[in-house]
Amino acid sequence: MHVVRLPTQIGTILVFGSASVALMNENHALCSTPEWAEFMESEVLEPVTAGQELGDEMLELGPGPGAATRWLRHRVKRLVALEIDPEAAQRLQDELGDTNVTVRIGDSTSAPFPEASFDSVACFTMLHHVPTAREQFGTLCEAFRVLRPGGVLVGADSLASQGLHEFHEGDTYNPIDPARLFVFLQAAGFGHVMVSAGEGLLFTARKVPEERSCE
């Protein structure tokens, strides 16, 4: 089983969470393996969070089996994981319920949290399972809404490829174009936007505090 090599061969990021759907094929069992978690940590999580102040409270959107969750929870005091799939949410709750992780069932396009609730938001390997561009934009708008001023969004996703298209046969596969992602982040209100497209798609953006008058 080519678990480690698969991501680099087909464009890096596979998906396991979702904003408004949770339709997955059996290939996504790969995303629950230790090899996948190791790849995520070294090639995705560490690079995209380097130099970022994550604060005390983070929201993770679409954690799926928790490959990013297990790493992120050691970087903040409190991590809330919002997952649409009840079964995936229950498995994560069973595993991490006694830690600093709180698992909630919900839709990332209408997150059940007040404005300015979190210091950081994470969005790893889930956007290309959001079925429409409108819902992808809605997810990013919700990330902006629940962030405190000065808070940061960190995330990663896949670039479109024939390999990933075949990997996701029978489930939702809607890869987001890097240029569209950049525009969506700016349109959602973010500043200091960074989108890096290499073997995969890494991005960060900040909720810039409102400018204050000197008067």
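This is a predicted model: local features need pLDDT of at least 70, side-chain atom pairs count only at pLDDT 80 or more; totals for chains, interfaces and linings use all residues.
## A first look at this fold

Strand S1, made of residues 57-61, is mostly covered, with 4 of its 5 residues buried.

**Strand S1 and its partners**

- S1 pairs with strand S2 (residues 78-83) in the parallel sense, and 5 bridges join the two.
- To see one of these links, find Leu61, whose bridge partner in S2 is Leu82.
- S1 also pairs with strand S4 (residues 118-124), again in the parallel sense, this time over 3 bridges.
- Here you can look for Glu60, which has Ala122 as its bridge partner in S4.

**The nonpolar cores**

- The largest nonpolar core contains 29 residues, and Leu59, Leu153, Leu185 and Phe190 are the ones with the most contacts inside it.
- Two or more residues of this core come from each of these elements: S1, S2, S4, helix H5 (133-146), strand S5 (147-157), helix H7 (178-188) and strand S7 (201-206).

**Helix H5**

- H5 is 14 residues long and spans 20 Å from its first C-alpha to its last, close to the 20 Å expected at 1.5 Å a residue.
- Which residues of H5 are buried? They are Gln136, Gly138, Thr139, Leu140, Glu142, Ala143, Phe144 and Val146.
- In an α-helix there are 3.6 residues a turn, so residues three or four places apart point the same way.
- The cover over the buried residues of H5 includes S1, S4, S5 and H7.

**The whole chain**

- The protein chain has 7 helices and 7 strands.
- Of the chain's 215 residues, 51% count as buried.
- Among contacts in the chain with a separation of 6 or more, 70% are between residues 24 or more positions apart.
- The accessible surface of the chain is about 9800 Å², and carbon and sulfur atoms account for 49% of that surface.

Conventions. Residues are numbered from 1 along each chain as its sequence is written. Side-chain values use heavy atoms; hydrogens and water are left out. Buried means under 20% relative accessible area, exposed over 50%, partly exposed in between (1.4 Å probe, protein chains only). Two strands pair if DSSP finds at least two bridges between them. A nonpolar core is a set of buried Ala, Val, Leu, Ile, Met, Phe, Trp, Tyr and Cys residues joined through side-chain atoms within 4.5 Å. The expected span of a helix is 1.5 Å times one less than its number of residues. Contact means heavy atoms within 4.5 Å. Accessible areas come from the Shrake-Rupley method with a 1.4 Å probe; for residues, only the protein chains shown count as cover.
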